[in-house]
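Me: Hi! Could you go through this model with me? I have a few quick questions.

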Amino acid sequence: MKTIVLNASPRKDWNTAQLLKAATAGAKSIGAEVEYFNLYDLNFTGCRSCMLCKRKGVERCHCYWKDELSLIIDQVFSANVLFIGTPIYFGRPTSQYFAFMERLHFSTLSYDDYSNYFHAKVNVGMFLTMNATEEFYDKLYKEKFIDYANEFRLLNGEVCLYPAYNTLQVKDYSKFDMSSFNEEEKKETHEKCFPLDLEKVDTLGAKLSQ
Ligand SMILES: Cc1cc2nc3c(=O)[nH]c(=O)nc-3n(C[C@H](O)[C@H](O)[C@H](O)COP(=O)(O)O)c2cc1C
């Protein structure tokens with residue numbers, strides 16, 4: 001069982017990374033072989049429209065643009081499970097997430113009949129972190145993020161979306177101009193709810209890797 005983990009947060013040890021590391025622990029607990037990548041460490045862009053993946057006679061489901069993402073895309077296509085985590089930035093996933101997704105999606109898309117060239121199966125766990133509370137997420141973000149997660153249906157596996165709400169954005173709010181946030185409430189959520197998120201995500205990581 002091969003699991004690829006992609007952190008689409010620029011912060012390597014914060015909320016999103018912690019969820020991904022919990023999912024990784026879950027996958028490893030049932031014997032999965034895991035490779036973990038921080039997308040913000042890699043030098044890549046979104047789709048360059050080189051059209052090489054649509055040339056006649058070429059191998060499909062391969063991104064021909066040579067940069068530090070191409071090999072990772074190959075690894076996703078040959079994996080059993082993908083975990084991807086992104087913070088919510090302005091109501092959307094991050095720019096590196098979108099750059100990855102453009103490359104992944106375009107290399108599976110047939111321009112003959114818009115069918116999917118990818119026929120294997122990769123289960124996907126998509127993990128979100130955000131300032132928003134659950135109520136705010138449900139009202140403003142949920143529908144959109146279900147759509148973002150559904151884009152992974154192109155990998156033909158199970159797709160699970162896990163949102164962690166009201167995360168701690170900085171360690172000490174008193175050092176920042178961030179008075180719209182209630183530090184007490186943030187810290188309470190971080191101490192009471194985030195550890196439960198990590199436990200649930202560990203379990204989900206194991207389930208998706210079975
Ligand atoms: C540029 C930027 C934009 C953000 N936009 C939103 C937003 O629209 N909604 C939200 O709930 N949180 C927003 N946040 C907060 C982050 O989603 C939240 O702090 C997240 O947990 C950060 O993930 P990390 O700890 O892995 O870096 C934003 C943060 C940044 C830096």
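This is a predicted model: local features need pLDDT of at least 70, side-chain atom pairs count only at pLDDT 80 or more; totals for chains, interfaces and linings use all residues.

Me: Which side chain does E35 meet in a salt bridge?

Reply: That of K2, with an N to O distance of 3.8 Å.

Me: How many salt bridges does a search of the whole structure find?

Reply: Seven. Another one of them pairs K207 with E158, at 2.9 Å from N to O. K207 is in helix α6 (residues 194-208) and E158 in strand β5, so this pair links parts that lie 49 residues apart in sequence. K207 is partly exposed at 43%, and E158 is also partly exposed, at 34%.

Me: What about E188 and K192?

Reply: Their side chains form a salt bridge too, 3.2 Å from N to O. They sit four residues apart in helix α5, about one helical turn. E188 is partly exposed at 46%, while K192 is exposed at 54%.

Me: Switching to the backbone: what is phi of C61?

Reply: Near 55°, a positive value in a residue other than glycine. C61 is in the loop between β2 (33-38) and α2 (70-77), and it is buried, with a relative accessible area of 12%.

Me: Where is N166 found?

Reply: In the loop between β5 (156-164) and α5 (183-192). Phi of N166 is positive, near 55°, and N166 is buried at 8% relative accessible area.

Notes:
Residues are numbered from 1 along each chain as its sequence is written. Side-chain values use heavy atoms; hydrogens and water are left out. Helices (H or I, at least four residues) and strands (E, at least two) are DSSP runs, numbered from the N terminus. Buried means under 20% relative accessible area, exposed over 50%, partly exposed in between (1.4 Å probe, protein chains only). A salt bridge is a side-chain nitrogen of Lys or Arg within 4 Å of a carboxyl oxygen of Asp or Glu.
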